[in-house]
Structures are given as structure tokens and as C-alpha cells.
Amino acid sequence: MDISDEQIKQYWADGATVLRDVISPEWRERLAAAIERDIAEPGPFDHSYDVAGGRFHGNLRVWQDDADFAAFCLDSPAVEIAQTFLRATRLNLLYDQLFVKEAGADHRTRWHNDQPYWPVSGRDVISVWVGLDHTTAENGRLEFVRGSHEWDRWFQPEPFGPNSGNSAYDQNPDYEKMLDIEADRDAYDIITWDIEPGDVYVFSAMTAHGAPGNATTDQRRRGYTVRYCGDDVFYDPRVGISAPVLVDGLLAGDRLDSEQCPLVYAA
Ligand SMILES: O=C(O)CCC(=O)C(=O)O
């Protein structure tokens with residue numbers, strides 16, 4: 001795969017970058033079909049909801065119920081992307097997640113950073129967000145605050161919608177309240193890219209990010225994110241974690257290797 005040094009530098013300097021046309025039509029077809037299966041019959045961690053204009057379909061750990069999602073998480077270009085950006089000698093799958101904003105699902109993904117929701121310590125925590133549609137500001141492209149992964153600010157998890165799947169995150173006294181970035185956008189260095197099917201956003205779990213709702217009447221916005229952890233990551237079940245991503249059987253300080261977080265690459 002063609003990943004340039006500039007893209008790797010941008011990921012580490014800015015906390016996010018974009019890769020063009022790295023997911024083949026064959027993989028996109030498999031993912032698209034798997035998404036329709038999950039919409040028709042959602043797995044157990046469904047966090048979908050309806051907004052006035054359209055439906056948001058969200059779900060996580062979908063690879064555990066679907067062979068095509070599993071193949072993508074365990075043995076697809078996503079693994080190589082994560083391994084390359086993290087320069088990992090070992091890589092675990094953390095989990096995967098669907099974010100489908102149907103036309104009219106005009107509900108913002110509010111600004112947040114991910115790692116406060118996840119039971120992992122370390123800097124080598126990365127998301128590979130696969131775009132399956134032409135995606136612009138109108139139907140919900142992702143936005144990132146440049147450099148925010150270096151802030152070392154842990155923002156208190158809050159629900160994303162009326163059905164977040166876990167709407168009562170415990171308050172962690174060491175976390176701070178999320179900044180109202182939307183109300184003061186000019187104060188932040190916000191970076192974003194339109195994307196086409198097969199492009200991916202690659203971003204750090206500490207990068208503040210969000211996305212507008214889908215304000216179109218006729219364009220879906222399907223996003224499928226896979227999260228991976230590299231060499232410096234250990235299990236760290238803090239207060240405030242999203243319950244579905246806790247891992248049974250692991251103790252604080254353990255490597256993630258487990259049925260839920262398999263090792264997908266080892267040098
Ligand atoms: O797709 C979205 O709207 C949000 C994605 C996101 O927050 C993530 O992948 O961490």
C-alpha cells in the first residue's frame with residue numbers, strides 16, 4: 001500500500017490524516033452488504049436512533065457477528081494501515097463501529113475524543129474510518145482539531161444521541177468537561193476533508209473530532225471505523241468507560257490479547 005512519509009508525519013503532528021482510494025471496490029461491496037445485514041438485524045450493541053429527518057444507525061463490535069466485518073478487521077488493508085501508522089510490532093483489534101447517517105439524519109456527532117471512552121492506556125491507539133459514500137460538509141464529513149491529540153486532555157464521556165447504548169457514563173473526577181468547540185469554531189484549527197468511497201480517515205484516539213449531521217435529502221453517509229492498538233497499549237479500565245468495550249477477563253496492566261481484542265499483527 002502506498003502510504004507516504006508525509007502522511008505518517010501528518011498523522012503524528014496533526015492527529016489525523018486522510019488516505020485516498022485504499023479500500024477496493026470488492027471490500028466496499030462486502031462492507032456495504034454487511035451494513036445492510038446489521039441494519040436489518042442489528043447485533044447486541046445497537047445504538048441507533050431516529051431524528052426528525054432520518055435515521056442514524058450505530059452499532060459496535062459488529063465483527064463478532066458477521067464474517068465480512070470480521071475479515072475486514074482481521075485481514076484487510078485496515079490492518080496494514082494501522083500497523084504502518086503506528087509502526088507497530090504488535091497490533092490488537094480494539095473493536096469496530098458503524099456510523100450510518102441516512103439522508104436527513106441531521107444530528108451532529110458532537111465533539112469528543114475517544115480514548116476517555118476506552119479501557120486502554122498508551123499513545124498507539126488509532127481509528128481507521130472507512131467512507132462508503134461521497135461525503136462532504138452537507139452529509140457529515142468528519143472534522144478534527146489539529147494537534148489536539150497532544151493536549152493530554154481527557155474529556156468526560158457524554159451520550160451521542162437519545163440511544164447511545166450507554167447513556168450514563170460514570171463521572172471520572174480526573175476528566176474535564178468537553179469544550180464547546182462548535183460554539184467557538186474560529187478559536188480552533190479545524191481540519192477536514194471531503195471523501196469518496198474507498199478513502200479513509202486515520203486519526204488518533206486522543207484527537208478531538210466530530211461531524212455535522214446529514215442535511216441532504218438524498219445522500220447516505222455510511223462510515224465504518226475499526227480501532228486498533230499498538231505496542232505501548234495496555235488494558236486500563238478507568239471510571240467512565242463505555243461498558244460495551246470493557247473486556248471480560250482482562251486486568252489493569254494486561255496486554256489486550258483476548259478473544260475480544262485479538263492480535264492481528266506481530267512482527
Ligand atoms: O462518523 C461519525 O459521525 C463519528 C465517527 C467517530 O466519532 C469515530 O469514528 O470515532
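Select helix 2 (25-40): the helix has 16 residues and reaches 22 Å from its first C-alpha to its last, close to the 22 Å expected at 1.5 Å a residue. That expected span is 1.5 Å times one less than the number of residues. Helices (H or I, at least four residues) and strands (E, at least two) are DSSP runs, numbered from the N terminus.

The model is predicted: local features need pLDDT of at least 70, side-chain atom pairs count only at pLDDT 80 or more, and totals for chains, interfaces and linings use all residues. Residues are numbered from 1 along each chain as its sequence is written.

**Faces of helix 2.** Colour Leu31, Ala34, Ile35 and Asp38, which are buried. A residue is buried if 20 or more other C-beta atoms lie within 10 Å of its own, exposed if 12 or fewer, and partly exposed in between, with C-beta atoms placed from the backbone. Viewed down the axis of helix 2, the buried residues fall within an arc of 105°, so they line one face of the helix; the arc is that of the directions from the helix axis to the C-beta atoms. Turn to the face away from the buried side to find the exposed residues Pro25, Glu26, Glu29, Ala33, Glu36 and Ala40.

Next, display the packing partners of the buried residues of helix 2: strand 3 (54-60), helix 3, strand 4, strand 7 and strand 12.

**Helix 3.** Move to residues 67-74, where Phe69, Phe72 and Cys73 are buried. Down the axis of helix 3, these buried residues fall within an arc of 95°, so they line one face of the helix. They pack against helix 2, helix 4 (77-86), strand 4 (90-101) and strand 12.

**The ligand.** Select the ligand and the residues around it: Phe99, Thr109, Asp114, Ser127, Trp129, Gly140, His209, Ala211, Gly223 and Thr225. Strand 7 (125-131), strand 11 (209-211) and strand 12 (221-229) are the elements that give two or more residues to this shell. Its residues divide into 3 nonpolar, 6 polar and 1 charged. Here Ala, Val, Leu, Ile, Met, Phe, Trp, Tyr, Cys and Pro count as nonpolar, Asp, Glu, Lys and Arg as charged, and the others, Gly among them, as polar.

**The whole chain.** Finally, zoom out to the protein chain, with its 4 helices and 14 strands. Its C-alpha atoms fill a box of roughly 45 × 45 × 40 Å, taken along the principal axes. Buried residues make up 44% of the 267 residues.

How values were computed: Near = placed C-beta within 6 Å. Contact = placed C-beta atoms within 7 Å.
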